[in-house]
Amino acid sequence: MLELALTGGAITKGIIMGLIYGSVIGSVAIGLTIIWGVMKVVNLAHGHIVVFAAMMSAFLYLTYKGALLFTPPIAFIWIGLLGAAFGVFFYYTTLHPVIGHVDTMTLKYEMSSLMATFGFGIALYGIHYILPNYVHSYSVNPSIGYSIGAAGHTYIVFLGVVIMKSTVLMSVLGFLLTLVAYWLMNKTSMGLKIRAVAQDARALSLVGINPVKVKVMTAVLATALAMASGVLFLGYSTSVYPDIESTVSPLCFVIVVLGGLGSVLGTYFGGLFLGVMYWLTLELTGQQSIALAVAFAILLIAMVLKPDGVFSGIERKLSFRAKRG
Amino acid sequence: MSILLGVENLVSGYGETEVLHGVSLKVERGTITTLLGSNGVGKTTTLWTISGILKAWSGKIKFNDEEVTMLPAHHRAEKGLILVPEGRRLWPQLTVYENLYLASFTRRAREKFEENLEKVFNLFPRLKERLNQQAGTLSGGEQQMLAIARGLVSNPEILMMDEPSLGLAPKLVQDIGRVIKRLRDEEGLTVLLVEQSVQMAVSIGDYGYVMENGRIVLEGAIDELMENSKFKQAYLGM
Ligand SMILES: Nc1ncnc2c1ncn2[C@@H]1O[C@H](COP(=O)(O)OP(=O)(O)OP(=O)(O)O)[C@@H](O)[C@H]1O
Ligand SMILES: [Mg+2]
């Protein structure tokens, strides 16, 4: 029987936990908004790449018994950098054959990119099961993210809500990751080239810029962000298994659509919003499946009411883009 | 006299279809050379092949005494071989400024960005007022100005223009013609111009080529062409 526990405490908890969760899951979706929203590659491998990074960092963390290098606040940086290299591999194996020489991304190419990335995702998923010494599910110490110089309790109590310090840390790092992505996309020449390449790649070569290089950069940035955020996801959830992808991927798609394709800050706010809705529903109903259903109901409503994304305006308002002077 | 761009026996096309069957032309430094011909004869194909977007099947392209036939398009642009393409090919969702700024990333363009920007605003004051507007929301004439402006910000050694007046009102066609002439006279810019308004092209051009079915069939100084009755009849209706 479903009982609604509509108390002030439940609402406070739902909002706080939702913001923390939303910050992490929002940052997980940024890589997708860049590659899908900006380069028009419907990256079905995104969730797999996120989970791959989470699995890898859990494996390393447990293998090396929590050595500093493998704790999420440190690991997310270097695994993100590793993700940059992995992005080059991803691009040349999967994307280049399909979109390498395409001038303007049309629906046809979006669809073929969808097929190609689907294949890459499946392959990546398969790796979890063929590596030796690789178990299929990891649980790490809940204080994983907070093990650097940690003293005292691993939790804090805020407005009567008990919060793991490590989840707070992960959400702060998720926010910082978002800011970095925002800066790269909107304040640097790399971001400008990335925004141009999907609109007209040929025109880039006419002004002396190699469009293939720009496509590689896009894949590199999106993959680096995906892998870095995967580590944060592990730090937040403390347990990970390959099939969690089937939850992560749809959530990312909902968030990106909510946020407005291609808008970094919009996507992050989409994540916060979804996180809060998810946790409120969870607090009120006590059932995770209902919370997920609510998330998708939100997507449906959002797509009908505002197909351009609910939070896409945020970026336009905050963004000054490259202006003169 | 020195030749800036020399094309010899250029053959190219799309897929299996050969469109250019051996085009040869020369562009002298500091002049406006026009390439004329009816629809579908291969003018755009010629410019795309010279710019490197289309691969030459055979033949030679020499630019600044250097053979560039096999260079990729972006390397040719780095050397100052710049095309203002047919249909403008702007980035519609980027602002006017971003469209211009993107053209300034090559070494030769970066050094002169501020200077070229001033020059461009001088030629097209309307663009300066619309710097932060999305290119796709500009009027057709303004978009054409932006396309030319982007070409100039690339700091061209030669500016190839493919129908810069397409779809513009007669008054604007004349304006564009005047701008091109000014660039030659004041800056010494070299121009290879494909133009559907033959009137405008012959009024500013120094030398002309006439294409038919992927071949050059007639060439000469504009004054000479104007004395050729066949040319006048076919292209000026006189
Ligand atoms: N992308 C393409 N694929 C196949 N054929 C093409 C393509 N583009 C042009 N052609 C063909 O090549 C020939 C020359 O076209 P091109 O665009 O060079 O002509 P043009 O002289 O520029 O004509 P216009 O004055 O109409 O612009 C035409 O027969 C055209 O149908
Ligand atoms: Mg043409």
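Me: Which residues surround ligand 1?

Reply: Start with the shell, residue by residue. This is a predicted model. In it, ligand 1 is surrounded by Tyr14(B), Thr17(B), Val19(B), Gly37(B), Asn39(B), Gly40(B), Val41(B), Gly42(B), Lys43(B), Thr44(B) and Thr45(B).

Me: Which elements give two or more residues to that shell?

Reply: Look for strands and helices behind the names. Here they are β2 (17–28) and α1 (43–51) of chain B. The helix α1(B) gives the most, with three residues.

Me: How do the residues of the shell divide into nonpolar, polar and charged?

Reply: Sort the side chains by class. Seven are polar, three are nonpolar and one is charged.

Me: Now a single residue. Is Asp162(B) buried or exposed?

Reply: The cut-off for buried is 20 or more other C-beta atoms within 10 Å. Asp162(B) has 25, so it is buried. Its place is in strand β7 of chain B.

Me: With which residues is Asp162(B) in contact, leaving aside its neighbours within four places in sequence?

Reply: Read contacts against the sequence numbers. Asp162(B) touches Thr44(B), Leu47(B), Leu83(B), Val84(B), Pro85(B), Glu86(B) and Val194(B). Take Val84(B) as a case. Asp162(B) and Val84(B) are 78 residues apart in sequence, yet their C-alpha atoms are 6.2 Å apart in space.

Me: What does the domain assignment of chain B give?

Reply: Check the bounds for pieces. Domain 1 is written in two pieces, 1–80 and 157–238, and domain 2 is 88–156. The centres of the two domains, taken over C-alpha atoms, are separated by 22 Å.

Me: How many residues does the contact take from domain 1 of chain B and from domain 2 of chain B?

Reply: Count each side in turn. The contact takes eleven residues from domain 1 of chain B and eleven from domain 2 of chain B. On the domain 1 side, α2 (73–78), β7 (158–162) and α8 (170–187) of chain B each supply at least two residues. The domain 1 side that touches domain 2 divides into seven nonpolar, two polar and two charged residues.

Me: How many helices and strands are there in chain B, and why is the chain called compact?

Reply: Chain B has eleven helices and ten strands. Its radius of gyration is 17 Å, close to the 18 Å that the globule rule gives for 238 residues, so chain B is as compact as a globular protein of that length. Its C-alpha atoms fill a box of roughly 45 × 40 × 35 Å along the principal axes. Buried residues make up 47% of chain B.

Me: How many residues does the contact take from chain A and from chain B?

Reply: Again, take one side, then the other. Chain A gives 18 residues and chain B gives 25. On the chain A side, α6 (189–197) and α7 (201–206) each supply at least two residues. The chain A side holds seven nonpolar, five polar and six charged residues.

Me: What is the mean pLDDT of chain A, and where does pLDDT stay under 50?

Reply: The mean pLDDT of chain A is 85, and 87% of its residues reach 70 or more. Over residues 319–325 of chain A, pLDDT stays under 50. Where pLDDT is low, the predicted coordinates should not be read in detail.

Methods. Residues numbered from 1 in each chain as written. Chains lettered and ligands numbered in written order. Predicted model: local features only at pLDDT ≥ 70, side-chain atom pairs only at ≥ 80, totals over all residues. pLDDT = per-residue confidence, 0-100. Contact = placed C-beta atoms within 7 Å. Helix = DSSP H or I, 4+ residues; strand = E, 2+ residues; numbered from the N terminus. Nonpolar A, V, L, I, M, F, W, Y, C, P; charged D, E, K, R; others polar. Domains from an automatic or database assignment. Rg over C-alpha atoms; globule rule 2.2 N^0.38 Å. Buried ≥ 20, exposed ≤ 12 C-beta atoms within 10 Å, placed from the backbone. Near = placed C-beta within 6 Å.
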